[in-house]
Amino acid sequence: MHAPVLVLKDSTKRESGSKVHHANIQASKAVADIIRTTLGPRSMLKMLLDAGGGIVVTNDGNAILRELDLAHPAAKSMIELSRTQDEEVGDGTTSVIVLAGEMLHVAEAFIDKNYHPTVICRAYNKALEDAVAVLDKIAMTIDVKDRDKMLELVQSSIGTKFTSRFGDLIAKLAIEATSMVGVDLGLGLREVDIKKYIKVEKVPGGQLEDSQVLRGVMINKDVVAPSKMRRKIVNPRIILLDCPLEYKKGENQTNAEIVREEDWEVLLRMEEEYIENLCMQILKFKPDLVITEKGLSDLACHYLSKAGVSAIRRVRKTDNNRIARACGAVIVNRPDELQESDVGTGAGLFEVKKFGDEFFAFIVDCKDPKACTILLRGASKDLLNEVERNLQDAMSVARNIIKNPKLVPGGGATELTVSATLKQKSSSIEGIEKWPYEAAALAFEAIPRTLAQNCGVNVIRTMTALQGKHANGENAWIGIDGNTGVIADMKERKILDSYTVKAQTFKTAIEAACMLLRIDDIVSGIKKKQAPGATQAPSKPKVEQEDDADNEQILPE
């Protein structure tokens, strides 16, 4: 016998073959099990302690996984799934993980029988194509203008979230906000930018019922001189600036030697005149409210308040953009370039109110605003954070529907229909791929099964009854009512789902399952390569010099 040849270094660990497949499948199932109980209206909440010692209480799949710190590489890629889902469509973050976990679980049996992973993947991809075809078949189109239909839809999406206790409140807020901000791009497309133009302001105190969508913008600022300036203006003329209203200092340090004493006064007067000029250029347009992103000196404040103009300084750029969209003003860079068209006249009311111990400026009652603020009130910070997360989901759903107004049934009905159709089709598939294809069909039933588990009904009975109803294909809309666990028609119970979300869930889950199955080797413990000749004695820790800090690369988070 020859001595064994070491190819990899001692420090590296290598696992290969079916061992890796099993490890990956176990890891993915573990992740899916963490989240499994948060699916559906009767879902449990998870409480997570984050690194800072803060508490997150949520049942939003993505929010939970974001906080987890995992060691296993396969589990990490599962977390990416829910993130993609959240960024892409904003809802269905839990179902995508549960589905992917189930897909891998059914594949395990085939790997034991020495099926080649590529065969399994091929069958899965075939199943995915057929599943999306089934979705197209059972989807129904709705009219975006129909507020009640929209409400039902958003309702069923947030029905699974914590805030479902508060009735239609969150759903109404979400629909109102998204339909307000939507912009027609022509060609029947609508663009809804949730991130930029819908601001969620959380103010602790009050009750949740006091939450509302403001037709306009609210900012956490008071006017510069509360005693002198008006704090309530009806139909204000608003000017937005992003330049400082104070004397500009020289770019670099300048020394001026003054010989005569009068020159000093000239210098001071020049500064004052400069500011006075700025203010006069602004006051030419008779504004009632001047908002700037930069500073505003005491002198400028004096000139403005003398003319009866309220001013707000150091507003965030994003807030300024929102105000511009809401009241129709244009943000001006230099006061001498102001035109009449830059003045915003769309707002109906400017006022400063006090909530708790902070002042908030409201610019509201705008005519046809294209930006808005959602004001959330609630008892505690944790509650508000959770409500905000739910609101984000609700707005994403509303946005998806405005973009693609197609609906599919919720409550596991879609998955059961897909499953039944795939089972029928599997008999016409030739060769070895038939079995994994059939298994994929079974995996889709994970969603309704989990729903039934979370309601606490008899899972096996319910599932058999549902499969029976779907097997003869009489009604594609039969599913589980997540609150009671009763088998019902989803159309009557108004449990609907957005087509975009469902299609995306299926695609993400199956593609991820295929990717994890294709991994057959994990090599860990690889060291970073060092430049030749730069071998260091590992014992001495490297001390950073000041000059190394500059050329160090900053890693993206």
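What follows is a conversation about confidence, strands, helices and surface.

Trainee: Which helix has the lowest confidence, and what is its mean pLDDT?

Mentor: Good place to begin, since this is a predicted model. The protein averages a pLDDT of 80, and 90% of the residues score at least 70. Confidence is highest in helix α5 (residues 117-138), at 89. At the other end is helix α19 (residues 546-550), with a mean of 50.

Trainee: Why should that matter when I look at the coordinates?

Mentor: Where pLDDT is low, the predicted coordinates should not be read in detail. The stretch to bear in mind here, with the lowest confidence in the protein, is helix α19.

Trainee: Let's turn to strands. Which residue in the turn between β2 and β3 has a positive phi?

Mentor: Strand β2 (residues 46-49) and strand β3 (residues 55-58) run antiparallel and share four bridges. Within that pairing, L48 faces V56 of β3. The two strands form a hairpin with five residues between them, and the turn residue with a positive phi, about 85 degrees, is G53.

Trainee: Is strand β16 largely enclosed or largely open, and how many of its residues are buried?

Mentor: Buried here means under 20% relative accessible area. Strand β16 covers residues 358-364, and it is largely enclosed by the rest of the structure because the buried ones number five of the seven.

Trainee: Which strands pair with β16, and over how many bridges?

Mentor: Strand β9 (residues 217-219) runs antiparallel to β16 and is joined to it by three bridges; in this pairing, I219 has A361 as its bridge partner. Strand β15 (residues 349-355) is also antiparallel to β16, with K353 standing opposite F360.

Trainee: How many residues of helix α15 are buried, and what do they pack against?

Mentor: Helix α15 (residues 446-455) is largely enclosed by the rest of the structure, because eight of its 10 residues are buried. Among them are I447, L451 and C455. Just after the helix, G456 takes a positive phi of about 80 degrees. The buried residues pack against α1, α4, α13, α14, α16 and β19.

Trainee: Which residues make the nonpolar surface patch, and is M270 buried or partly exposed?

Mentor: The patch, about 500 Å² in area, is made by I258, W264, V266, L267, L268 and M270. M270 lies in helix α9 (residues 261-283). With a relative accessible area of 45%, M270 is partly exposed.

Trainee: What separates the C-alpha atoms of E271 and Y247?

Mentor: E271 is also a residue of helix α9, and at 33% relative accessibility it counts as partly exposed. E271 and Y247 are 24 residues apart along the chain, and their C-alpha atoms are separated by 6.1 Å.

Key
Residues are numbered from 1 along each chain as its sequence is written. This is a predicted model: local features need pLDDT of at least 70, side-chain atom pairs count only at pLDDT 80 or more; totals for chains, interfaces and linings use all residues. Side-chain values use heavy atoms; hydrogens and water are left out. Patches are made of residues with over 30% relative accessible area and no salt bridge: like charges are joined within 9 Å, nonpolar side chains (Val, Leu, Ile, Met, Phe, Trp, Tyr) within 5 Å. Accessible areas come from the Shrake-Rupley method with a 1.4 Å probe; for residues, only the protein chains shown count as cover. A salt bridge is a side-chain nitrogen of Lys or Arg within 4 Å of a carboxyl oxygen of Asp or Glu. Buried means under 20% relative accessible area, exposed over 50%, partly exposed in between (1.4 Å probe, protein chains only). pLDDT is the predictor's confidence in each residue, from 0 to 100. Two strands pair if DSSP finds at least two bridges between them. Contact means heavy atoms within 4.5 Å.
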